[in-house]
Amino acid sequence: MNESADPIATRLTLLTALADAVRCGLIVLDGEKRIILWNSWMVHTSSIPKDSAVGKPLERLFPDLTGRVRSAIDSALESGYPSVLSQSLNKSPFPLYAKKGANDAGYRIKQAIEVVPMDSDELPRHCLIQIADVTAAVAREDLLRIQAVELRQHTYLDGLTGIANRRRLDEYLESELRRSKRSGFPLSLIMIDIDHFKTYNDTYGHQAGDRCMVQVASTFSSVLHRPADLVARYGGEEFAIVLPDTDIHGAMTIAETMRKAVAALGIENARAKTTGIVTVSLGVATAEGWAREPADLIAAADGALYTAKHEGRNRICVHDPAHACGIVSPTHSLEPPTQ
Amino acid sequence: MDNKKNKKVLIVDDSRVSRMMIHGFIQEQRPEWAVREAAGGVEALAMVSDELPDIITLDMNMPGLSGLDTAQKIKERFPAICIALLTANVQEGTRNRAEALGLHFMEKPITAEVIRRVIGLVERS
Amino acid sequence: MELTDIQQDALLEIFNIGAGHAAATLSRMVNEEVMLSVPTVQFLKLAQAAELLGTTRRISAVAQSFNGPFKLEAILIFSENETLEVVRLMIGEKIPLHELTDLEQDALIEIGNIILNSCIGTLSELFATEFTSSLPAFRLGTSEEVLGAGCEPDDHVVMLLHVDFGLERHNIRGHVVFLLDVSSLERLKERVNHFVYRAMGTDSQGAAH
């Protein structure tokens, strides 16, 4: 049986095997920044075999190394200070790639790097560069971030119709009213209620009622084109439309367009008196100085809506601060008064 | 030779130790030069009007009127004057702005070598 | 514990140079102008420093231990709001503190590492002393927790630097705290004296004027 091999050689073999077994990149540089150790992880990710790396200056293998990496190495070798290079501030400094066949083969792996001095009694100072693959961690965090954003969006969206919910409406109306006061441009609000909706539910069931609601909501959305205009579900079968920078005539026009569009859907509502189809009533109000708070504007539009209902439904009514509410039936003209 | 004539230096820095160091290095290398000190931008402007120096060293990072602003004001009135900005914070943007104003840029910490270069600036001109 | 005016001036100038170098490094990384300056240096007892940093709010910190002819613990501190601002400015996103992920924490650790290495590096260069350093570590908690985490509180003195961090027209104030035991503080003062003497010495040896 052979004498056991020289214990130092054994230890060295063991340590080399250790370096190769570790699941991150290990590079050791001497005082002249030449590579002394290059472990298997480095071989696999860089496709640079050991004998092409060991003994060469790091610079020669990676001439495009960033200033940050270079100064971290200098700092370790000259001052003896460790440096961390986070992946958020240093995007993949080394050209290292995932294994072939991986989903993102061809893209550099994301790297978290530590550059630390190695001091010992017998040897001059060396430098250890440790590289961890954080691609998976970054992907997980990106996913979490996206989900958090989506979650936040859902708190502003109505579950059924997908349009803005009441919370969003309240916030939006408040900020738009403030803006309207600052800018001097008018802010209009339309409150809409589906006519005989309870009757519809009773006749055709709640699922049909839901479907109807979704259709009506999407009809409102299709009428609006400006990004600042908002369709929101106010509650139950009531909707609110916020129209920034829109005067009373513009708002009336949009309201009438919406009324006609819903009627044009021709959704049957057999027990609805007069029309036999699903229609809506609309109340329009424009804030022009008299509205101090969102509640004032809502009350005005609501009042107009109530009058529209009261006067026979399937019509628009406009809040006019100067007179009693003016009623506009489907047959009346909507031309703005000539200047 | 004209260039070896005694020069007048104005040192502007809010740090007294800094001023001492610059003053010291200049005295070592050019003992016959006249050196005055200002602790800030406003004081510097007053001293420049009082007696025009050949070269001004300006610390970038000062409270009140910054080094760059002080340099700009001085250059407006005395476009030919030689100004060296001293800073540890060497950035592309600042360096470019300084050079566009015709200012020289020197790195801190202040060493004999840095002062040698500062001296070179005024002797070469 | 008190330093003379001129000693204080010297320390401030040294830290300003360190801060300047750190700013230059950071600005190259984010391609924005970064201004870092140290307007004041104070010496306090641990309890006083904790109070100054605010006992009720949470702070985030990056800590490193330096060892050489004297020992000190260097800690870069931001309040909760300031942390978010710094992360947002450096990484480009506004992220709530409780959502700060490991990888964003790493970015904060790197920023702290750059600033602390730079400050101690300059000290080391100008004092002609050598230090070794631990890897930076992240701490989150009240000021007492953050300051007290690494040392025996009783015999430690705090050297507190206010650091103004400016990026993209935003200005954030953070703090760098150096924790030293009393004998380390004495040795630091000796070095400062030596440094000042050298600066004055060349002056006093120069030609009379």
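How many bridges join E3(B) to strand E4 (residues 82-87) of chain B? Five bridges join them, and the two strands run parallel.

The model is predicted: local features need pLDDT of at least 70, side-chain atom pairs count only at pLDDT 80 or more, and totals for chains, interfaces and linings use all residues. Residues are numbered from 1 along each chain as its sequence is written, chains are lettered from A and ligands numbered from 1 in the order in which they are written, and side-chain values use heavy atoms, with hydrogens and water left out.

**View 1. Strand E3 (residues 55-59) of chain B and its pairing partners.** Strands (E, at least two residues) and helices (H or I, at least four) are DSSP runs numbered from the N terminus. Pairing requires at least two DSSP bridges between two strands. Strand E1 (residues 8-12) of chain B pairs with E3(B) in the parallel sense over four bridges, with B:Val9 opposite B:Ile55. In E4(B), B:Ala84 is the bridge partner of B:Thr57.

**View 2. The two faces of E3(B).** In a regular strand the side chains alternate between the two faces of the sheet. B:Ile55, B:Thr57 and B:Asp59 lie on one side, B:Ile56 and B:Leu58 on the other, and all are buried (under 20% relative accessible area, 1.4 Å probe, protein chains only).

**View 3. Packing of helices H1 (residues 5-30) and H4 (residues 102-127) of chain C.** The axes, fitted to C-alpha atoms over the stretch in contact, are 8 Å apart at an angle of about 140 degrees. Residues in contact (heavy atoms within 4.5 Å) include C:Phe15 and C:His21 in H1(C) and C:Glu110 and C:Phe127 in H4(C).

Key
Axes fitted to C-alpha atoms, helices over the stretch in contact; angles between N-to-C directions. Buried < 20%, exposed > 50% of the residue type's maximum accessible area, 1.4 Å probe, protein only.
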